[in-house]
Amino acid sequence: MEHFKGEERILYIKISGEFIPIGCLSDNSFSESSETIDTTTRANAGWATSRPTMQNYSISFTGIQVNSPLAGGDLNVASYDRLKELKRGRQLLDWKIQGVNFPLVDYGKAYITDISEAAPVNELITFNGTLSGFGQPLMASIALVLLNNGDPTKIIQDGNTNLIQV
């Protein structure tokens with residue numbers, strides 16, 4: 001049985017046409033849930049039953065503050081300042097969670113709905129955020145994503161006449 005570490009599931013967002021990682025990402029998690037409606041039948045013998053209706057997902061992340069591009073910093077990571085601007089601009093973002101060895105890539109669209117910064121004395125400045133999903137999250141194998149350079153807006157053919165969005 002093969003095991004994977006957190007560095008095999010890195011959160012990237014697309015800024016200016018390029019997927020870049022969240023700055024000094026220390027944690028990210030993907031969560032899905034469903035709303036339900038109560039149902040009843042004669043056969044349930046008084047036990048509660050329900051059916052799922054609307055589904056949603058969110059991605060939370062934690063990073064360490066890096067020098068912002070606004071201050072001449074690194075353009076190859078999504079710093080807290082850049083993420084804060086995207087949130088304030090209510091920008092719909094493309095995201096993906098991908099690693100080098102983990103065989104699956106999750107991707108989709110989301111809005112940043114929460115962003116915060118913590119600056120304790122004598123410690124590194126960190127930030128937390130939440131992406132709230134827009135539509136259904138998608139999944140592809142890393143081989144297809146690498147073949148397509150990670151761009152989820154492309155459609156490719158898998159060799160069996162099946163069209164796959166990756």
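In this report a residue is called buried under 20% relative accessible area, exposed over 50% and partly exposed in between, with a 1.4 Å probe and protein chains only. By that scale Phe-30 is partly exposed, with a relative accessible area of 30%, whereas Trp-95 is buried at 0%.

The model is predicted, so local features need pLDDT of at least 70 and side-chain atom pairs count only at pLDDT 80 or more, while totals for chains, interfaces and linings use all residues. Residues are numbered from 1 along each chain as its sequence is written, and side-chain values use heavy atoms, with hydrogens and water left out.

The structure holds six aromatic pairs, where rings of Phe, Tyr and Trp (its six-membered ring) pair if their centres lie within 6.5 Å, and planes under 30 degrees apart count as stacked, over 60 as edge-to-face and the rest as tilted. One of them is the tilted pair of Phe-30 and Trp-95, with 5.9 Å centre to centre and 45 degrees between the planes. Phe-30 lies in strand β3 (residues 25-39) and Trp-95 in strand β5 (residues 93-98), so the pair ties together parts that are 65 residues apart in sequence; strands (E, at least two residues) are DSSP runs numbered from the N terminus. Together with Tyr-57, these two residues form one aromatic cluster.

The charged end of Lys-96 sits over two rings, as tabulated here; this requires NZ of Lys or CZ of Arg within 6 Å of the ring centre and within 35 degrees of the ring normal.

| Charged residue | Ring | Distance from ring centre |
|---|---|---|
| Lys-96 | Tyr-12 | 5.3 Å |
| Lys-96 | Phe-19 | 4.7 Å |

Key. Helix = DSSP H or I, 4+ residues; strand = E, 2+ residues; numbered from the N terminus.
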